[in-house]
Amino acid sequence: MKKAIVSMMVGAVFATSGAAYAAGEMGNMDMSSGAMKSGAANSAMSHGEVKKVDMSTGKMTIKHGPLENLGMEGMTMAFKVKDPAMLSQVKVGDKIDFVAEEVNGALTVTKLEKK
């Protein structure tokens with residue numbers, strides 16, 4: 001029984017020292033470039049087709065592919081728009097590239113490019 005306890009304690013020491021070593025090594029990494037940038041994932045453009053434009057609610061309905069930055073599958077759904085002027089840039093049937101983000105709890109189109 002004593003050997004089992006000693007073995008567990010030695011294993012715990014090695015496990016925690018390895019984690020501490022790895023954490024220390026990562027402390028010197030530059031996380032400010034490439035995909036690790038916080039804005040990089042949010043700026044990925046998604047593709048879609050405008051299905052409805054509703055000026056009175058400030059929303060547009062988009063049939064879209066996957067929204068990778070939000071972890072969503074492709075579907076058709078309504079989005080708020082960051083700038084109401086975006087609604088006048090598109091009409092039903094237009095193919096678009098866009099960025100959707102969660103803004104104050106609502107899915108919102110923050111960037112829009114007509115194809």
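## Strands β4 and β5

Strands β4 and β5 run antiparallel and are joined by eight bridges. Within this pairing, A100 stands opposite V109 of β5. The model described here is predicted.

The loop between β4 (95–103) and β5 (106–114) contains N104. This residue has a positive phi of about 50 degrees, although N104 is not a glycine. Most residues other than glycine have a negative phi. N104 counts as exposed because its relative accessibility is 82%, and the cut-off for exposed is over 50%.

## Barrel

The pairing of β4 with β5 belongs to a closed barrel of five strands, which runs β1-β2-β3-β5-β4 with mixed pairing. From one strand to the next, the twist averages 55 degrees. Strands of a sheet pair through backbone hydrogen bonds, either parallel or antiparallel.

## Aromatic pair

One aromatic pair is present in the structure. It consists of F79 and F98, arranged edge-to-face, with 5.7 Å from centre to centre and 65 degrees between the planes. The angle qualifies as edge-to-face because planes over 60 degrees apart are classed that way. F79 lies in strand β3 (residues 75–81) and F98 in strand β4, so the pair ties together parts that are 19 residues apart in sequence.

F79 has 0% relative accessibility and therefore counts as buried. F98 is also buried, because its relative accessibility is 0%. The cut-off for buried is under 20% relative accessible area.

## Overall composition

The protein has three helices and five strands. Along the sequence these elements follow the pattern α-α-β-β-β-α-β-β.

Of the 115 residues in the protein, 23% are buried; F79 and F98 are among the buried residues. Among contacts between residues at least 6 apart in sequence, 49% join residues at least 24 apart.

Technical notes. Residues numbered from 1 in each chain as written. Predicted model: local features only at pLDDT ≥ 70, side-chain atom pairs only at ≥ 80, totals over all residues. Heavy atoms only, no water. Helix = DSSP H or I, 4+ residues; strand = E, 2+ residues; numbered from the N terminus. Buried < 20%, exposed > 50% of the residue type's maximum accessible area, 1.4 Å probe, protein only. Phe/Tyr/Trp six-rings, centres within 6.5 Å; stacked < 30°, edge-to-face > 60°. Pairing = 2+ DSSP bridges. Axes fitted to C-alpha atoms, helices over the stretch in contact; angles between N-to-C directions. Contact = heavy atoms within 4.5 Å.
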